[in-house]
Structures are given as structure tokens and as C-alpha cells.
Amino acid sequence: MQEPADPTQIKKLEFVTLVAGGQNFCIEITQIREIRRWSPVTILPHSASHVLGVINLRGAVIPIIDLAAKLGFEKIEPTERHVIIITAIDERIVGLLVESVSEILGVNSDMVRETPRGPEDATTRAILGVIPVGDDMTKVINLTTLMPNSSQAAA
Amino acid sequence: MPADSSILDTFFEECEDLIVALTEGLVEMRDGDADDETVNAVFRAVHSIKGAAGAFALDELVGFAHKFETVLDEVRSHRLETDEKLLRTLQRAGDILADLVDDARDGTPANRDVVDPVLADLQSFLGEETLEPEEEFVFEAMSLGFADEDAANPGYKVSFTPGQEFYATGNDPVLVIAALKELGPATVTVDDSALPDGIEDYVWDKGYLTWHIEIGDIATDLPIYDVFQFMDDICELRVTPLDTGAEAPVVGLDEPLANVASEAEPVVAIEEAPAKSTRAEVTDSTPNVPSPPKGGESGDRPAKKTATTLRVDPERVDRLINAVGELIINQSVISQRIEEAALPNSSELFGDLDDYKLLAREIQEGVMAIRAQPVKPLFQRMLRIAREAADATGKDVELVTEGEATEVDKTVVERLADPLTHMIRNAIDHGIEAPDKRKAAGKVQTGTLRLSANQRSGSIVIEIADDGAGLNRPRIRAIAIEKGLVSSDAVLTDPEIDMLLFAPGFSTAAEVTNLSGRGVGMDVVKTAITALGGRIAISTVPGEGTTFSITLPLTLAVMDGMIITIGGQTMVVPISSILETIRPAESDISKLGLKSELLKIRGEYVPIVDLGEQLGHPPTDKKISDRILLLIQTESIAQCALAVDDIFDQRQVVVKSMQGNYGSIVGVSGATILGDGKIALIIDPDAIASGPGMSSHINASLEGDRSHARAS
């Protein structure tokens, strides 16, 4: 019970690490439905620049978001080598276009540190916390901040 | 609520059915084509609600139903004259009963201000002497009867023929007869005349026996119906009062009496053991009096057919519909693949593919039919709304409904209730004039409101037509200017003025009444109809009335669409809004101002809307004459020509909502999946046609509000 590794207090978490806008990020694995290769999208009218369009995922219409653009980086020029991560949050399914997906990272929940406070920008607002990995670190993405908001979409 | 919620749910479901039966019966009574059976049906509906409500201790419901039932009992025994006043009260009582059921379901307290006057009205028909004490609601007490009515009711004769299903569901006639015997001294005889002569004709599970039970010393037949409460549709049941006057035994036409019964005994004993055991308990305390002719033959209750409906969780149907949608998509994928394969025309595969298409379409139609429901219950609710609205405004209005059997998707029926309510109220409040004004205009004093539904090639048209004064266009315009909906120098055509009724915040009522006039009604109506993929149109003739027509798609899940391309993207335009497709000649196009262009068609000029521009695509250099125009009809602008790059095909598409994962987009009503697996957006022609370029004189606030309403 006193052991710090007690599973009831410290959970084992798994993250998928990815690269977007040249930086390392990660998304909790439970929020990811699948990972697929880039395929052409159907463009949506009147949409924000980071909304690439929609794809058909086995009969469902899924919007695709350029993660790099959403986080404030340069827009990704999608090619065959780019990857779409299909994520599900609050019953909404959204695909995120990223540059690449690297590995699955297993960490204890106490490894996730709070984001050090600094000046805010589009990226820091979307970060839940950071995880040190070796010499480097990776940032946990808060998916809810990425969701296209319906009133925004209509405007 | 202590009761098991699933039982309670069943109770409320049954209440709904009973209230439908009740409303139907009351309408028949009002129209004067009711017979005794109708009154009986109404009475039984109220009684069943009361009985079940008692089991759940829903006291307010029981109290009201009891009073209602007492009045109905007077009516059916012809002690009360059915005049206009009584019928009106009965109708209102029916409405209140429905309210109370709703209240009980929602667990909200009843609105005493509404209930009490009706209760008082009901009481007024009963007079003082029939004022019954409250404890009469206790059901055990019922069987004891009312002492003062004993003389008039020596008892009842129950003829009871259990059907096959009665036995199959594990019911036992012995228990039924035992329960009947508890009600009073009973004489039980069995009629085995239906038994086949030879054993070879004998169907083992068929019910051949009829029991005649004469119960004495019982004032009403209610406890008898209580006994049969859960079996009345699986057995033939006839309850007729015994006549005091005819003491002398008269042999009935088809009813062998006690002497016949003893004859029958051996046969019965062979056929069925339970029958024998009941025979042993036969008592003979009341004279065997066959029913009077009136109660016997003409009062014959037709055996109720077992309703062969199925209650299914809508979730399951939705899953099926989704799967069928996938099937349709899959079918178009396969078609496309086969076309790409460039097989020889003689290939048998094409024939098979056609079969597959037909089957897929048939399955899809079948599945859609599961969701289809007649608009009848919806229309019946409107009868009530109209009644209340007429009462509140002091106008004489008759609501005539037509095409009640028209079937529409369940969701459509559900979501139409609010818009229709608004429109009926509006028509009565604003459309139909007060009786004296109607008289002055030389019209019949009673206004007529016609609510009709009919199917027109793939869509449902619902019309609400009043014979009132018609729209007052100058006034509508003045109000719209006053409210800042249009600028004062705008030149509006008559249809445009009419459409102002649907602008948010528009209200013609001089003062806000509690019925209508909050100025939200028609705006909400339009939003709701648009959300269903429908359109609404107004036509009005001054002095003769106004007609609102709502056009709705038959189903929400599949529609016929025209596949088009614009700016390299494939999109779908609903066929229902396309009047024709035109490849325009240079000479048909005229410039209007800097950018706008007009299409000349059959001597009329129609504005051209560039679809690409409306969707935010960069302007193309292509001339209009190189493109294709779709002449579309919308509610906001009578006609407009939608410029697209090319048209391909006309096919059935499965509508996928964008709302769930993305949100709504102006100008796009949904998406569909094409044969190649790509997504094509479905255009909302109304939003496109009334886009920023088009609403030059209708204030932008209208647009803004609409898109806001869609987003929410």
C-alpha cells in the first residue's frame, strides 16, 4: 500500500507520441481510435484554415484538422507519408493530420508534470502537461481545445 | 414512485393509446355519428385509465377520471341528454385527462386552475344527488354496488368465449369465473354448441366453449370489465344488463339456459376439466333472465381484433436504418467498380447488379416504412389546440382535418407538433376574424380551418388553410419597417412581404396575447421546418383566407439528389428543389449592375447565383454560358438559377449529418458518401439562394439569426 507504484494511486498511462510542426507531442492512447494514412479530403466551405475538410471513415463523416496549423505552426502540406490520427472525445470523432507518429510511451501518471507557466500562445493553451523522455520531453495535447466549435463553424 | 418504472412506462404507453381512442370517440360523438358502442368505448377508455392509475396511486388522475367516468356513465345509460354544452365539456374533460396523464408521467403537480373548472362543469351535469363520496375510488367497494341503483340494475349477463390466445397465454377460465362470482350471486352456464361433431374436426388448441355468467346484485358493469381488464382482447366478451321488467324466462336466440347446461355437462366434462369444476359451484340465486333484445343483439360488441402491432425500441430501428444506408452506399460502390472494370455488355453481372439495386431499394423502403407513422395522432392533438385557441379568443372555429392516414417519418411527426401548434394558434388568433366581423363580411359565422396532409411524389405536403381575412400586407410591411427588419425604402414584392412573417422578432399582433403574439412563433416554425429539410410557403387571398403549405421530405435518411461539380468538388443538390436544369445560351444572360446576372427564361428574369461564390470558392473565369444552371425554387426567393460547373447523375443518396462531429455549415445541409467512397456535401438551396448576395433588401439580421439558430 505504501509503495509509490501502487496501481490504485499511480496509474500506468500510455501515450502515442507524434510530430507536428517539427515538435514532439503526445496523445493519450485511450482517446485514439485509429491511425491511418493521409487520403484526400472533401473541402468544407466557410471553414477555418486549420480545418482541412471531411473524410469518409466507414460511413461516418469525420472532419480532419491540421494539428500543426491549429497549434499555430506552419500548415502541413499533406502527402502520402503524412498520418491522420482519428481521435474520439465526448462522442465526437475528429481526425488530426500530423507529420508522423513515432512510438507508444508507457509512463506512470506521476510522470506527467504540469505545464511550466510562460507566455501563452495557441500551442501552450492546448497542452495539458509535459512528460520528460530521456534527454527530451514531450507535450500532452488537450484534445477538447482542438475540437471545432459548432458556433465557430457556422459563422 | 414505488412502482416498478417499467410497469409504469407500460401504463403510460397504454394511456396514450387509450387517450387516442377516447379522443376519437369524442370526435365521433361531436359529429353526431356515434352509437352506443362509441360511448361505451369512450367510457371504457376513461375507466381503464382510472383503474390502472388507481394501481399506481395517481390520486389526481383517479379523481378526475372518476368524475369523468360518472358523467359518461350517465350518458351511456341515456340519463343525460347529449347537447352541445355537454359535448364541449366532455371534450375539455378529455383534454384535461390527457394533461393529467402527462403530469403524472412527468411527476409534476396538476394545474388545479385548469382542472377544477372542468371538474365543476362535469359535476354540474351530475346534479347533487349523484355526488358520490371520495372513497368510492376504492375498487373493492365498487362491487358492492350503489344501494340506490340496485332496483334499476338487477345484474348483468356476461357472455365470455375465450379464444385460442386466451389459453395460449396461460389464462384459466376457472379463475375468471371465480372472480366474477365474487362480485355477486352468479349463475354459470356453458354453451358448447360450437364444439365440432367429430373428433377429426376438433382443433386441439381452439376455444370452443362459451360461458354465460349471470351476476345478480351488482349495480354497474365496471367490476366485470375490471375482471377482464387484461384479457378483453383475447376473448370474446359481451356484457349486457339483465332486465328487471321481464321476470318470465324467455329463451334467448342463441343462449341455452340452465336446462341446456345440464344436458351439456357430460360433454363438457370430457372436453375440459375446468368447466366441470365451475359447474359444481353454480348457484341459482337470481332468476335466469335473458338479455332484452336491445342488449342482446344490437348491443353485441364486435369481437376486438388482437392488435398486431409491435413495440420496438426506436434505437433498434435506427441501427437497422444505418445499416441499410451502408448497404445503399455499398451498392453504389459496387456499381462504380463494375463500371470501371469495363466488362463486356453481355456480362450477366449487370443483370445481377440490377437485381441487387432493386433489392437494396426495396429493403430501404421497407425499413423506412417501419418508421413511418400516420399523422392522425398529430392532427388529433391539433383539434384540441384549435378548440383551446378558439375558446381563448372567443371565436367560432371548426378545424377540419384531411388525409389523416398519410404516413410520415416518426421524427417528422414528432418534430412537427410544435410548429403546427404555433400555426394553428396563429391562424385562429390572427387569421380568422371575430364572429361579428365575419358576419359583416358576409361570411359564415364559424370560421373553418383546414388541416390537410397528402403525399406528392416523394414529399409530404401539409396545408393549414383558414378562411379568414388574409394577410394584411401593408400592415406587415409597416411593422417590419418599424421593427427594423427592412429599410423603409425597400421595394418588396408581395411574396417577399409574406415571407417577413417568418422573420425573427416579427409579430403583427397589436398586443401580446397569451395565445400567440410573442413574435417568436413563425420564426420558430420556419426554423423547425427547415431543420426537417422542409420548406414552408404562404399564399393568401385578401378577404378569403391564408394557406400555409409545408413541404417535407418523406424520410430524413435518404433523398434523391443531383450530383454536380463546382470548383473541382462533387456536391449534391436535392432534386426536390430543382425545377429544371438549363444550359444557357449567351443571349439568355443579361447583366444587372456590376456583378449580378439574370437569366431570361420564358420571358421571366431570374437571378443567377454562383454556387462556388456562395461557398467561398475563388471566382472562376468561366462564363455563365459555359456552365450549367439549375433552376431552383426556394421559399425566400420564388426562383433562382444556381450556376454549377457540371451535372453528372441523379441518384438516391444517404444523408449523413455533419452536426455530430463538426457542426453546421451555412449552405450545407449534410453530407453523403459517393460510390467511390468520397464525401460529397449536400447543398441547402434555401441558404445558398438567400445568401449574402441575395438578401439585398431583407435586413442582414434575419440571416444572422437564422444561421445562429442553425448552429445551436
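**Two sheets in chain B**

Mentor: Let's begin with one pair: B:Ile538 stands opposite B:Phe548 in β11(B). This is a predicted model, where local features need pLDDT of at least 70, side-chain atom pairs count only at pLDDT 80 or more, and totals for chains, interfaces and linings use all residues. Residues are numbered from 1 along each chain as its sequence is written, while chains are lettered from A and ligands numbered from 1 in the order in which they are written.

Trainee: How many bridges join β10(B) to β11(B)?
Mentor: Strands here are DSSP runs of E with at least two residues, and helices are runs of H or I with at least four, numbered from the N terminus. Two strands pair if DSSP finds at least two bridges between them. β10(B) and β11 (residues 545–553) of chain B run antiparallel, and the number of bridges joining them is seven.

Trainee: In what order do the strands of the open sheet of five lie?
Mentor: The pairing in this sheet is mixed. For instance, β6(B) and β8(B) run parallel, joined by six bridges, whereas β8(B) and β9(B) pair in the antiparallel sense over eight bridges. The order is β6-β8-β9-β11-β10 (chain B).

Trainee: Why is one side of β6 and of β10 of chain B left without a neighbour in the sheet?
Mentor: β6 (397–402) and β10 (535–541) of chain B each have a single partner strand, so one side of each lacks a neighbour in the sheet. The reason is their place in it: they stand at the edges.

Trainee: Which residue of β8(B) is the bridge partner of B:Thr401?
Mentor: Recall that β6(B) and β8(B) are joined by six bridges. In β8(B), the partner of B:Thr401 is B:Leu451.

Trainee: At about what angle does helix α16 of chain B run to β9(B)?
Mentor: Contact means that C-beta atoms, placed from the backbone, lie within 7 Å. Angles run from 0 to 180 degrees between N-to-C directions of axes, which are lines fitted to C-alpha atoms, for helices over the stretch in contact. Helix α16 (residues 410–431) lies across β6, β8, β9 (459–466) and β11 of chain B, and its angle to β9(B) is about 20°.

Trainee: Which strands are at the edges of the six-stranded sheet of chain B?
Mentor: That open sheet has the order β14-β18-β19-β17-β16-β15 (chain B), with mixed pairing. Each edge strand pairs on one side only, and they are β14 (578–582) and β15 (589–592) of chain B.

Definitions and conventions: Two residues are in contact if their C-beta atoms, placed from the backbone, lie within 7 Å.
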